[in-house]
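Open the model in your viewer and keep the selection panel at hand. Each stop below says what to select and what is there.

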Amino acid sequence: WTDLSSLQRTKLLAIAGDTLGLLLRDSQIRILILNGQSVVRNVEAVSGILLAQREMPDWTLPRKSRDGIKGVAYSGSINKIGQINLEREVIVLGFNHNIQSSFGVTNEVKRNIRRWIVDSIEEKTA
């Protein structure tokens, strides 16, 4: 992904958006969890929506030379991806940190993200 130009990324998202839409439409998936800022932005692009953002202070990644990297939670719902109508609302939850590769993602930050996901799902499905 990082080796692609902006134009190549845009074209790939345009093509792949419908594929993701078909996969979601034909599945029983009701909740999407987005791991990382790039994934959040790309899902927003292919679904044509902007997710609500909220800064999460207890998700801040520590850094010695600066204040740390702030955590951001994203939430919303989608009913269309690309040109595909999903025929239902799908809950979307995301976070800006890329859990498996972000330097400094502590166990505490992971626990806080996990807790937020569980609480958000309970709130949105109650």
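Start with E44, which lies in helix α2. Helices (H or I, at least four residues) and strands (E, at least two) are DSSP runs, numbered from the N terminus. E44 counts as buried because its relative accessibility is 6%. Buried means under 20% relative accessible area, exposed over 50%, and partly exposed in between, with a 1.4 Å probe and protein chains only. Leaving aside neighbours within four places in sequence, E44 is in contact with I49, L50 and L51. Contact means heavy atoms within 4.5 Å.

A word on the source before moving on. This is a predicted model, in which local features need pLDDT of at least 70 and side-chain atom pairs count only at pLDDT 80 or more, while totals for chains, interfaces and linings use all residues. Residues are numbered from 1 along each chain as its sequence is written, and side-chain values use heavy atoms, with hydrogens and water left out.

**Helix α2**

Select residues 37–47, helix α2. Its buried residues are V40, V43, E44, V46 and S47. Now show what covers them: the cover includes α1 (6–25), β1 (31–35), β3 (69–81) and β4 (84–95). Step past the end of the helix to G48, which follows α2 and has a positive phi, near 70 degrees.

**The whole chain**

Zoom out. The chain has three helices and four strands. From the N terminus on, the order is α-β-α-β-β-β-α. Along its principal axes, the C-alpha trace spans about 45 × 40 × 20 Å. Of the 126 residues in the chain, 32% are buried. Among contacts between residues at least 6 apart in sequence, 58% join residues at least 24 apart.

The chain exposes about 8,100 Å², and carbon and sulfur atoms supply 52% of it. Areas come from the Shrake-Rupley method with a 1.4 Å probe; for residues, only the protein chains shown count as cover. Colour by charge next. There are 17 positive and 13 negative side chains, and the centres of the two sets lie 5 Å apart. Lys and Arg count as positive, Asp and Glu as negative; His and the chain ends are not counted. Each charge is placed at NZ of Lys, CZ of Arg, CG of Asp or CD of Glu.

**The strands**

Show the strands alone. Two strands pair if DSSP finds at least two bridges between them. Strand β2 (residues 52–61) and β3 run antiparallel, joined by six bridges. Pick R54: its bridge partner in β3 is A73.

Move on to β3 and β4, which pair in the antiparallel sense over eight bridges. Select G76 and find V92 opposite in β4. β3 and β4 form a hairpin with two residues between them, and G82 in the turn has a positive phi of about 60 degrees.

Which way do β1 and β4 run, parallel or antiparallel? They run parallel, with five bridges. I33 stands opposite L93 in β4.

Stay in strand β4 and pick E87. E87 has a positive phi of about 65 degrees although it is not a glycine. Most residues other than glycine have a negative phi. E87 counts as exposed because its relative accessibility is 66%.

**The cores**

A nonpolar core is a set of buried Ala, Val, Leu, Ile, Met, Phe, Trp, Tyr and Cys residues joined through side-chain atoms within 4.5 Å. The largest has 14 residues, and L32, L34 and I78 touch the most other members. The elements that give two or more residues to this core are β1, α2, β3 and β4. β3 gives the most, with four residues. Another core lies apart from it, with 12 residues, among them M56, I91, F95 and V105.

Centre on I78. Its bridge partner in β4 is V90. Beyond neighbours within four places in sequence, I78 is in contact with L24, L32, S47, I49, L86, R88, E89, V90 and V92.

**Last stop: K110**

Select K110, in helix α3 (residues 107–125). K110 counts as partly exposed because its relative accessibility is 31%. Not counting residues up to four places away in sequence, K110 touches I99 and V105. Finally, draw a distance from K110 to G36: they are 74 residues apart along the chain, and their C-alpha atoms are separated by 13 Å.
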